[in-house]
Structure formats: structure tokens, C-alpha cells
Amino acid sequence: MAERKRKRKRAAEERERRKRRSRKKRGSREGERRQVGWANASDPVEALGEEVMGRVMEFLDARSVARCTAVSGAWRGVAADDRLWAPKCAELMAGKAHIPRLTLIRTGSKLSTYSMAIMDGKRSRITKEDLCDHTWEYRFTIAAPEYWRNLDPSWKHTGPPMRRYFHPDGYHSADPHDAVWGGHECTYTVITSFVGDGRIREHYVRINRWPPMKVSRKDDWSWELSNHLYRYNSIPDADKKGCTGPLFPVW
């Protein structure tokens, strides 16, 4: 009799243990389902939809929108949309002196166009295309001899600055009747040297054998070539058909 009681007791305990394990497993599965549900509900793209998220991102700056593309595939689908980036590209180009020619590449997205335009705007390495595509204002500096400064109408406030032109064949010219030009033969060269790891060591433009001109870029993406005697400034031409500069990226 005592043996049967012990067996019934052990059987009851075993059934209770099985019930506890079963309840624990069900609770675990329900918790996982709740976590998945919460995760989906916490994703704004899932909760609000792509159209509403696109409207929200319109109020973000370009850097923030670009960062959104790295969140997930769903976020990238919204944040990389051309409809979102087209107005940002227009805003970027507004007020710039020159519009890079590489923005005309039609195979790329508006996001890639924006990125390439930003990188090109920071470029300080000038190319022959940059030189030839622009008209340049030419001025003497205070360090130039007085004789030459007296021939510069911008110094005497008697007229607009002198203009200079670069040509694809390496020729350099000026307007007719330019008092400084004198009609002599003039050529230009663009010199770029590199160090071992690919960094630019030296970069300048030289007219004939005159002093080299260092190259610099301004915030409006215009160019300046200068030395201690004179300087060249590119004249804004953002409305120029076909844009300006190299067609492919140059870093």
C-alpha cells in the first residue's frame, strides 16, 4: 500500500513538472512574438508608411537624410528617393559660381549627384577643363610695380577688371586693346606633383616663365589663381549651358 502511494505521488510530481515546463515554453514563445510586434511597431517606416516618412524627411538637412539610408533597407528606399533629393540638389546649386559638369550624368541617382557635387566643390586640384570653361578677371596686387598697377583699370577705378582666357591648345589670351597684354605670345601649363602615398605635393598654374600661381577654391565653388604680383578670379557662370569642369570626378 505504501509503495503504491509513493508511486502515485511521484507520478503527480512529474505531471506538475511537465505542466510548469509547458507553461514556461508558451510564455517564452509569446514573449518573442510580443518583441517582434513591438519591433515592427517601433519602426516609423512600418508604422507611418513610406509616403509619410518621405514627407518627414523633407524637413531634414541633407546630411541627416543621407544617414537615414544606412538604417535599413526600408529606410534607404525612402531616404534615397529622387523626389526627396531633387530639391536638395537645387538648393545646393543655388548661389554657386559654377555648376560641375558631372552633375549632368543621367545614369546616377539624385543622391549620388548631390554627393559628387559636394566632393567636386571641395576639390582644389584644377584641370584644363576648369581653366578653359571660365572667363577670368585679372588684377595686379599691391606688391606689383606701380607702372603695372597704373595700367590696371580696376586699380584706378576707371573700368572693369581686365579679362584673360585659357584655350585647350595651351594658348593664353586677353581682350583686344588690353594695355597690359601687349600682343606677345603666351602659353600656360598646369603642374601637379605627388608624393609616394598619392597625396598632392605641389599644384600650380604657370604662365610662360612668370611666377607660379597657387590654386585655391572659394565657398561659392569659384577659383582663384594667385602669386605675389597678380591674381586670376573665375567669373561666375552658373547659367552656362552644359555646365563646367571635368565630366568625371577628379580628386
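Which residue takes a positive phi just after H6? Gly95 does, with a phi of about 85°.

The model is predicted, so local features need pLDDT of at least 70 and side-chain atom pairs count only at pLDDT 80 or more, while totals for chains, interfaces and linings use all residues. Residues are numbered from 1 along each chain as its sequence is written, and side-chain values use heavy atoms, leaving out hydrogens and water.

Helix H6 covers residues 82–93; helices are DSSP runs of H or I with at least four residues, numbered from the N terminus. At 1.5 Å a residue its twelve residues should span 16 Å, where the expected span is 1.5 Å times one less than the number of residues. The end C-alpha atoms are 16 Å apart, which agrees.

Leu84, Trp85, Lys88, Cys89, Leu92 and Met93 of H6 are buried (under 20% relative accessible area, with exposed meaning over 50%, partly exposed in between, for a 1.4 Å probe and protein chains only). They lie on the same side of H6, because they cover an arc of only 150° around the axis, taken from the directions from the helix axis to the C-beta atoms. The buried residues pack against helices H3 (50–57), H4 (62–68), H5 (73–79) and H7 (110–121), contact being heavy atoms within 4.5 Å. The face turned away from the buried side carries the exposed residues Arg83, Ala90 and Glu91.

Now the cysteines. Cys89 has 8% relative accessibility and counts as buried; Cys68 is buried too, at 10% relative accessible area. The whole structure has zero disulfides, a disulfide being a pair of cysteine sulfur atoms within 2.5 Å.

Key. Helices (H or I, at least four residues) and strands (E, at least two) are DSSP runs, numbered from the N terminus.
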